[in-house]
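Thanks for coming. I will go through one structure this morning, starting with a pair of helices and then moving on to the sheet.

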Amino acid sequence: MFRGATPEAIGRNSLTNAPLRTLRLAAVNIDGVLLNDTFSPVLHQLVTEWGGTYTAELEQRLLSQTQARAARVLAEATGSTATEQEVTQAYFAARERYVRTHPVRLLDGAVPLLERLRSLGLELICYGGLEAGHFRRHLGPEASRFTAPGYICTNDFRPGIREIVEDFFALRRDQVLFIDDAASFAARARALDIPFIGHPSAYEHGFQPRLMRAAGVRHVVGSLDEIDEALVRKVDQEAADGTVWRDAGRAAAEEVGA
């Protein structure tokens, strides 16, 4: 079978075909990972237009929250007397205007990423804070790559990590890899000792890359192409060894002191 192949080539082939040790499911966030970030720019716009100051602490409190909670935080930060419903309506109206000039699109590398995860034997689930129609509309035929139910709306139980792992799939926490763009989500993954890869937004007024490093995330990528087979296998090994968040405290301390 390997006639004429070098020992190095044989080793590489064996690695590629080897099954993952621990991971069984990849849970991939929709907005900010598979689709471009259309949330941070609108939040920044509303906060500044309503007289608030958009800070790292505020961004941390706004992202990966239920719509109701985010509305309360936004109103509090800007001194607005608007109700939760009014703030939510204002936000989605602003987002609708924003996407007219910044259309929702699949990010570069999104489809190859899904193909890689599938080729490694992982089941796939997509999740996010909007209804399933958002998933079907923007993923189109790529939606068929995901395991039933395909998409999970987590707005009512943010961030949704425990629910996805235990309630929807009945897996152990070390068997599910989450890929998300929010540092607050990462902090919860750390608290639950969940395998995690961060893909923070590069929005110019945002703070997610720094906040994610401060949360102790070991694997932070700037593009989806960086989530290659080698990285997934590394996280799989860490999950097997129980070391996914081993150096989280030291990493966070170093980031704060930087």
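**Two crossing helices**

Helices H4 and H5 are roughly perpendicular to each other, a term that covers angles of 65 to 115 degrees, while under 35 is roughly parallel, over 145 roughly antiparallel and the rest oblique. Their axes cross at roughly 95° and come within 9 Å. An axis here is a line fitted to C-alpha atoms, for helices over the stretch in contact, and angles run from 0 to 180 degrees between N-to-C directions. From H4, which is residues 67-78, the contact uses Gln 67, Ala 68, Ala 71, Arg 72, Leu 74 and Ala 75. From H5 it uses Glu 84, Val 87, Thr 88 and Phe 92. Contact means heavy atoms within 4.5 Å. By class, that makes 6 nonpolar, 2 polar and 2 charged residues. Ala, Val, Leu, Ile, Met, Phe, Trp, Tyr, Cys and Pro count as nonpolar, Asp, Glu, Lys and Arg as charged, and the others, Gly among them, as polar.

A word on where this comes from. The model is predicted, so local features need pLDDT of at least 70 and side-chain atom pairs pLDDT 80 or more, while totals for chains, interfaces and linings use all residues. Residues are numbered from 1 along each chain as its sequence is written, and side-chain values use heavy atoms, with hydrogens and water left out.

Now the overall picture. The protein has 12 helices and 5 strands; these are DSSP runs numbered from the N terminus, helices being H or I with at least four residues and strands E with at least two. Of its 258 residues, 50% count as buried, meaning under 20% relative accessible area, with exposed over 50% and partly exposed in between (1.4 Å probe, protein chains only).

Next, the sheet. In what order do the 5 strands stand? The order is S3-S2-S1-S4-S5, in an open sheet with parallel pairing. Two strands pair if DSSP finds at least two bridges between them. S3 (151-153) and S5 (196-198) are at the edges with a single partner strand each, so one side of each has no neighbour in the sheet. On average, neighbouring strands are turned by 20° against each other, direction ignored. S2, residues 123-128, is joined to S3 by 3 bridges, and Cys 126 has Tyr 151 in S3 as its bridge partner. Helix H6 (residues 110-119) lies across S1, S2 and S4, at about 140° to S2.

Ala 26 sits in strand S1. Is Ala 26 buried or exposed? It is buried, with a relative accessible area of 0%. Beyond neighbours within four places in sequence, Ala 26 is in contact with residues including Leu 117, Leu 124 and Leu 177. Its C-alpha atom is 8.7 Å from that of Gln 175, which is 149 residues away along the chain.

One more helix, H7, residues 132-139. Its buried residues are His 134, Phe 135 and Leu 139. They cover an arc of only 100° around the axis, which puts them on the same side of H7; the arc is taken from the directions from the helix axis to the C-beta atoms. Arg 136 and Arg 137, on the other side, are exposed. The cover over the buried residues of H7 includes H5, S2 and S3. Just after H7, Gly 140 has a positive phi of about 55°.
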